[in-house]
Each structure stands twice: as C-alpha cells, then as structure tokens.
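User: I would like to learn how to read a few features of a structure model, one at a time. Please give the general idea where there is one, and then the case at hand.

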Amino acid sequence: MSIFAPHNIETMNEDDVAGELVRPLCRALGYTQGNPEANLRSQVSLQYDKAFLGHKKGEKDPVLRGKPDFVCEVVSYARWVVEAKKPSIQLSQNDSYQAHTYATHPEIAAEFYLLSNGREFKVYRVGNPDAPIFAWLKDETDEKLPTLRNLLGPDAMRKRAGVKIDIGKPLAEGLGSEARILNGHVVYERNTCSLPVDLKMDGIRNGITGSRVFRTDDGLISAVVEIVSAFAGLDELNKRFGFSPFLFKAADEYISVNRESPTLMQNLVAIDIPAGTQIPATLLGPAGLLPFDLVGECYTEATGFIEDKQFKGTFVIDYLYKIVGAKMLGLPFQEFRIRSEGPFEVTFE
C-alpha cells in the first residue's frame, strides 16, 4: 500500500504538495508533529530574517524570503529541512540555493535538506547545494523508503555522528547496505544419522561470535558467520576444514521482515579430511586419529526473518561423508549422512 493517498498531481499547488505528499513522506520516515523524539514542525518562522553568511555584521546578510515548509528534527541530535514547490515548475539550482539558506540558518543548523515539486524528490547534504546525494521520482517513493529511512530516519540521524553516510541499497528495512553481526546462537535440537548410532547431540548449543552481512558485486546478500563450537576442541578443526566461518548467500532483494515469507540463506562446503587428522573428544567418542580419508559435502540452509535487529528462524545442516577405500578397509558401508536442525538467532548492528 502506497504512503500517498489518491491524488491528482496535475491540479496541485505548492501547499498541496507539502500537505498531500511531503507530510505523509515525513510521517513514513518516522516524524510526527509533537513527537518529543522525532518531531515534525511546519512553516517554521525564523526570528533572524536574514540568510546567515557568517558576516560579523548581520545587516550585510541578504534578506531571507519565506520560511521552510517542514523541519524534521531528532530532538537534541540533528535536523533536516523540506522545501516544497508546485508541480508545474522544474526544480532549479536557485530552488536548491533557497532551501540551502534555510538549512544553514543558525536557528535550523540542518544536516540535510529535501527539495520536491511533487513529481521528483532530491536530497542534498548541507554544504553542497549543486548536486543531490539522492534523487527519485514520486512513483518510486515506496520502493526507496528503506534507503530513505537509513539516510533520514530518526535512528539513522542519531547514529550518524562521525559515521560515513550509507546510501547503498539496504539489506532490509532498518539496516544499511552492510551490517555487523554482534552475537547469536544455534541450537542442535534434532540430530539423526544414517548409521545405527546414538549421536547424543540433541540440545547442543553453538555460539555465534561475528562477523558481517553485505551485498556482493552481483547483488546477492551474503553473510559471513563465525561459530564457536560447544566442544572447544572442534573450533580449530572447523576453521581448518571450512565449517567456520560459514559463508551464506541469499537471492532475495531484501532480507525478509515477515515471518510468513522468510528469507532462505544457503551454504555449501566441500569436505576433505585426510587420514591421520587429530579428532578431539566429543559426545560421539574419545579423541584419536582419523583412520581413513573422508570426503563429501556439508549443505546448510537458514530460513528466517528480521525482528528487532535480530535475524531468527530455523536451520538444517546435511552432512554427507564418503569413506575413501571403505571396501579395502573392510567396512560394511561406504558413506553415511548426519542431519541436524533447530532454531537460531543472530543479532545485527
């Protein structure tokens, strides 16, 4: 559903653009009138009626004509300004300069300003009125909302102090184009084996300690996930044979925020463990040397959604192990499978 109510832009004037298009956009970004944390102010009157240019004597400053249509402010943190024009005019450099004088006024001191005639929208950073840092057409607004929230939303404004502006394609609503993994866990709730053995693994919990989620050059969402085993002796072995960190990829445009339509992330690791490898003690058995070569693959899928800065859901890991030279060793089987599944949670920053 569009953030804009039905309207006829051909009959709009400047006030209509401000009220019917710009105000709903500001609300969709998280700003409302009277909100003590993310306030939306309209038709802000400036006590000092000059365009402030830093002169020691203010009477030399040019007269400031008009006033900003909206000021969106994250109280005690930062502000940005909106200037609306009627749809019948093309946005010009002079319009940008006018909005820039509002944004740089000492009573406003904004970080960004938005200029719109209802047909197109342009975001500028204060100090560079000649080139917008982000622009889009009205009909693209719903599609661009995740990026706009990462740029102009209250949370983004609070966090931005000294941080590089992120106008890359976001991973999901509320996330930038890259996110750091803080922590998390996976629980091996159910574990089965094709061999008649008791795995004794149900309920084992492995920790997640890092690392990051990002977009690759081909646009895929990727996640590098560092995992700490419940069995300390396995950590070095897991790193050696590619079981940590895991590299997941997803073909979705954005990571889902809807539990009814989760995102699928997948990982495939080739298994090649030579005979003589030191195997640490686990619930499966004592420590010792692997008596044969093992090859195969480990396929993992994580299906989940984002909620409150967490990616959560369920995972499945299928291990296929093939014993090289099983017949020569007199073994009754040549391969075996282990399947583990359960819930996970990953916290982003």
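User: Leaving aside neighbours within four places in sequence, which residues is histidine 185 in contact with?

Analyst: This is a predicted model. In it, histidine 185 touches Arg205, Asn206, Gly207, Ile208, Pro343, Phe344 and Glu345, its neighbours within four places in sequence being left aside. Histidine 185 itself belongs to strand 7, residues 178–188. One of these contacts is polar: the side chains of histidine 185 and arginine 205 meet at 3.0 Å.

User: Is histidine 185 buried or exposed?

Analyst: Buried, because its relative accessible area is 17% and the cut-off for buried is under 20%.

User: What does threonine 314 contact, under the same exclusion of neighbours within four places?

Analyst: Its partners are Glu301, Ala302, Thr303, Gly342, Pro343 and Phe344. Threonine 314 is a residue of strand 16, and its C-alpha atom is 5.9 Å from that of alanine 302, twelve residues away along the chain. With a relative accessibility of 48%, threonine 314 is classed as partly exposed.

User: Now backbone geometry. Which peptide bond is cis, and which residue has a positive phi although it is not a glycine?

Analyst: In general, most peptide bonds are trans, and most residues other than glycine have a negative phi. The bond from glycine 210 to serine 211 is cis, its omega being near 15°. Serine 211 sits in strand 9, which covers residues 204–215. As for phi, aspartate 308 has a positive value of about 55°. Lysine 309 also has a positive phi, near 65°.

User: Where is aspartate 308, and how accessible are aspartate 308 and lysine 309?

Analyst: Aspartate 308 is in the loop that joins strand 15 (294–307) to strand 16 (310–323), and lysine 309 is in the loop between strand 15 and strand 16 as well. Aspartate 308 counts as exposed because its relative accessible area is 70%. Lysine 309, at 37%, is partly exposed.

User: How many residues does helix 2 have, and what is its span?

Analyst: Helix 2, residues 93–104, has twelve residues and a span of 16 Å between its first and last C-alpha atoms, close to the 16 Å expected at 1.5 Å a residue. Its buried residues are Asp95, Ser96, Ala99, His100, Tyr102 and Ala103. Viewed down the helix axis, they fall within an arc of 160°, so they line one face of helix 2. The elements covering them include strand 3 (78–84), strand 4 (112–116) and strand 5 (120–125).

User: And how far apart are the end C-alpha atoms of helix 3?

Analyst: Helix 3 (residues 141–152) also has twelve residues, but its end C-alpha atoms are only 14 Å apart, short of the 16 Å that a straight helix would reach. Buried in helix 3 are Thr141, Leu145, Pro146, Thr147, Leu148, Asn150, Leu151 and Leu152. Among the elements that cover them are helix 1, strand 6 (134–137) and helix 4 (154–159).

User: Last, how many aromatic pairs are there?

Analyst: Such a pair is described by the distance between the ring centres and the angle between the planes. The count here is ten aromatic pairs. For tyrosine 31 and tryptophan 80, the centres are 5.7 Å apart and the planes stand at 80°, so the pair is edge-to-face. It links distant parts of the chain, 49 residues apart: tyrosine 31 is in the loop between helix 1 (14–28) and strand 1 (38–42), and tryptophan 80 is in strand 3. Tyrosine 31 is buried at 0% relative accessible area, and tryptophan 80 is buried at 1%.

User: Which pair is stacked, at 4.9 Å centre to centre?

Analyst: Tyrosine 113 and tyrosine 124, with 5° between their planes. Tyrosine 113 is in strand 4 and tyrosine 124 in strand 5, so the pair ties together parts eleven residues apart in sequence. Both tyrosine 113 and tyrosine 124 are buried. Elsewhere, Tyr319, Tyr321, Phe333 and Phe336 make up one aromatic cluster.

Terms used:
Residues numbered from 1 in each chain as written. Heavy atoms only, no water. Helix = DSSP H or I, 4+ residues; strand = E, 2+ residues; numbered from the N terminus. Buried < 20%, exposed > 50% of the residue type's maximum accessible area, 1.4 Å probe, protein only. Polar contact = N/O pair within 3.5 Å; in protein donor to acceptor, adjacent residues only side chain to side chain. Contact = heavy atoms within 4.5 Å. Expected span 1.5 Å × (residues − 1). Arc of directions from axis to C-beta. Phe/Tyr/Trp six-rings, centres within 6.5 Å; stacked < 30°, edge-to-face > 60°.
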